[in-house]
Amino acid sequence: LLKYFDVKQVGKVLEAYHIGTSNHWEGATIFWQIDDREQIHAGKIMQYDRFTGKRIKEPYNHINWLHIATKELNFNLNQCLFGLHRITEDYQKTIAIVESEKTAVIMNCIHNMED
């Protein structure tokens, strides 16, 4: 993100979406699924190439769930949309549904460049 956006923008989006890191893989990102009541549903761990920004897929796809990585017994995965916790922030803003967490974050940075 810092390749395309300034430190302030990146910090703001990381904070807004509660994006963190995971030790599951070196430098992995964790995307939290938090609902509109601020309840955490899941944590999705993904590893990206630090130079290209693309997901690491070789020698295997680097995607995992926190409850699997931590061997959480009897976890009942009940997903929600990534970023759902932000739905009540401003009723005047347009909501876009995109396929990936990374796309949501990038689009948020682009949108906030205009503000």
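**Note on the predicted model: sheet, core and cysteines**

1. Strand S1 (residues 20-22) is joined to strand S2 by three bridges, and the two run antiparallel. Within this pairing, threonine 21 has threonine 29 of S2 as its bridge partner. Five residues lie between the strands of the S1 and S2 hairpin, in which glycine 27 adopts a positive phi near 75 degrees.

2. S2 is also paired with strand S3 (residues 40-46), again in the antiparallel sense, over six bridges. Here tryptophan 32 finds its bridge partner in glycine 43 of S3. The hairpin of S2 and S3 likewise has five residues between its strands, and glutamate 38 takes a positive phi near 65 degrees there.

3. Taken as a whole, the sheet is open and has four strands in the order S1-S2-S3-S4, with antiparallel pairing. S1 and strand S4 (63-65) each have a single partner strand and stand at the edges, so one side of each has no neighbour in the sheet. From one strand to the next, the twist averages 35 degrees. Strand S2 (residues 28-34) is mostly covered, with six of its seven residues buried.

4. The overall build of the chain comes next. A box of roughly 40 × 35 × 20 Å along the principal axes holds the C-alpha atoms. Of the 115 residues, 33% are buried. Among contacts between residues at least 6 apart in sequence, 43% join residues at least 24 apart.

5. The largest nonpolar core consists of 12 residues: Phe5, Val10, Val13, Tyr17, Ile19, Phe31, Met46, Tyr48, Phe82, Ala104, Val105 and Cys109. Helix H1 (7-16) and helix H3 (101-114) are the elements that supply two or more residues to this core. H3 gives the largest share, namely three residues.

6. Residues up to four places away in sequence being left out, methionine 46 touches Ala28, Thr29, Phe31, Arg55, His62, Ile63 and Glu101.

7. Leucine 66 belongs to helix H2 (residues 66-69). With a relative accessibility of 26%, leucine 66 counts as partly exposed, because that class lies between the limits of 20% for buried and 50% for exposed. Its contacts, apart from neighbours within four places in sequence, are with Ile30, Trp32, Gly43 and Ile45. The C-alpha atom of leucine 66 is 6.1 Å from that of lysine 44, although 22 residues separate the two along the chain.

8. What is the number of disulfides in the model? The count is zero. Cysteine 80 has a relative accessibility of 15% and therefore counts as buried, since the limit for that class is under 20%.

Notes
Residues numbered from 1 in each chain as written. Predicted model: local features only at pLDDT ≥ 70, side-chain atom pairs only at ≥ 80, totals over all residues. Heavy atoms only, no water. Core = buried A, V, L, I, M, F, W, Y, C linked by side-chain atoms within 4.5 Å. Buried < 20%, exposed > 50% of the residue type's maximum accessible area, 1.4 Å probe, protein only. Contact = heavy atoms within 4.5 Å. Pairing = 2+ DSSP bridges. Axes fitted to C-alpha atoms, helices over the stretch in contact; angles between N-to-C directions. Disulfide = S-S within 2.5 Å.
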